[in-house]
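I opened the notebook to look up salt bridges. I wanted to know which side chains pair up and how exposed they are.

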Amino acid sequence: MPVYSMTGYASAQQTPGSQPANNESGKPATPAARLGLEIRSVNSRFLDLSFRLGEELRSHEPALRELITARVKRGKVEVRAGVEGTAADSVREPSVRTLQRVSAVQDTVRSWMPEAGALSVAEILRLASAENTGDADYAEPLQALAGKVLADLLSAREREGARLATMLLGHLKQLRALAEQARPLVPQLVEQQRNRFLERWKEAMALGEGTATPEAAQDRALTEATAFAIRIDVAEELTRLAAHLDEIERLITKGGEIGKRLDFLIQELHREANTLGSKSAALELTRISVDMKVLIEQMREQVQNIE
């Protein structure tokens, strides 16, 4: 399965077929209207859907929601859709029946409220336009358009996901190289700590013959031995680090909904690299730990965008 990013954008427009004139009702033919829809998404911990639909399309929100949730699992997704007339049809001539109805309603209102003003031409045209578009059925063309835009969005998210996967695999390769640089340093550090421990032990025993008591010499020796035992645990951090790197590569190769698992593994990587640096007794191992943490932080930013 591909790796999907949560970031993407797609939009499209469509002109549904116009309705023929209805001779019985006296309504003129409904001019073709342009149906527009766009979907944009960014990263989010969960699926967060928001809709901004025109008045004519609000009743179709449940169907759009069902369509999107079936194919998008994570991300903050915003859907915008609306209906616009073409430039040639921006002013529609109201039918005689519509004008008669508007006039009758206006007369009734003014008979009860004489102070009410007369309707303007613009207001009459707006009422007539609302009547014409109110009978239009956008369910089928809207679903078709939404399906196309959603497919384009998923394609964009897949392309971005492939780019992120390539970058992550590159960072994994660099982290493995750093781990290989650190691995030979472990026995060197163990030997260095061993020699230091022996030197301090001899020093403690020599002092014990003069100013220091045997108990104080023994305490010094135990302190050095404890520090030595802690230092040799660095190899365990490298082993766990390698295991996490293998698991991340397996997930990226597998694909699908891997964002949350990757985020957890990145936290584990950072913990191991941080412990490696805190236990370091050599400048070279400290540098390796810092380089690892820089790479891991870059991976964290990239993983935040993966579904």
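**Salt bridges, looked up one by one**

I started with Arg176, which is partly exposed at a relative accessible area of 27%. I am working from a predicted model. I looked for the partner of Arg176 and found Asp246, with a salt bridge of 2.7 Å from N to O. Arg176 sits in helix α4 and Asp246 in helix α7 (residues 234-254), so this pair ties together parts that are 70 residues apart in sequence. I checked Asp246 too: its relative accessibility is 44%, which makes it partly exposed.

Next I stayed with helix α4, which covers residues 139-182. I noted a salt bridge between Arg163 and Glu160, where the closest N and O atoms are 2.5 Å apart. Why can these two meet? They are 3 residues apart in the helix, so about one helical turn separates them. I logged Arg163 as partly exposed at 41%. Glu160 is partly exposed as well, at 23%.

Then I moved to helix α9 (residues 283-303). I found Glu297 bridged to Arg300, with 3.3 Å between the closest N and O atoms. This pair is also 3 residues apart, about one helical turn. I read 34% relative accessibility for Glu297, partly exposed. For Arg300 I read 22%, again partly exposed.

I also looked for linked bridges. I found Glu38, Arg40, Glu78 and Arg80 joined in a network of salt bridges.

Last, I asked how many salt bridges the whole structure holds. My search returned 21.

Methods: Residues are numbered from 1 along each chain as its sequence is written. This is a predicted model: local features need pLDDT of at least 70, side-chain atom pairs count only at pLDDT 80 or more; totals for chains, interfaces and linings use all residues. Side-chain values use heavy atoms; hydrogens and water are left out. A salt bridge is a side-chain nitrogen of Lys or Arg within 4 Å of a carboxyl oxygen of Asp or Glu. Helices (H or I, at least four residues) and strands (E, at least two) are DSSP runs, numbered from the N terminus. Buried means under 20% relative accessible area, exposed over 50%, partly exposed in between (1.4 Å probe, protein chains only).
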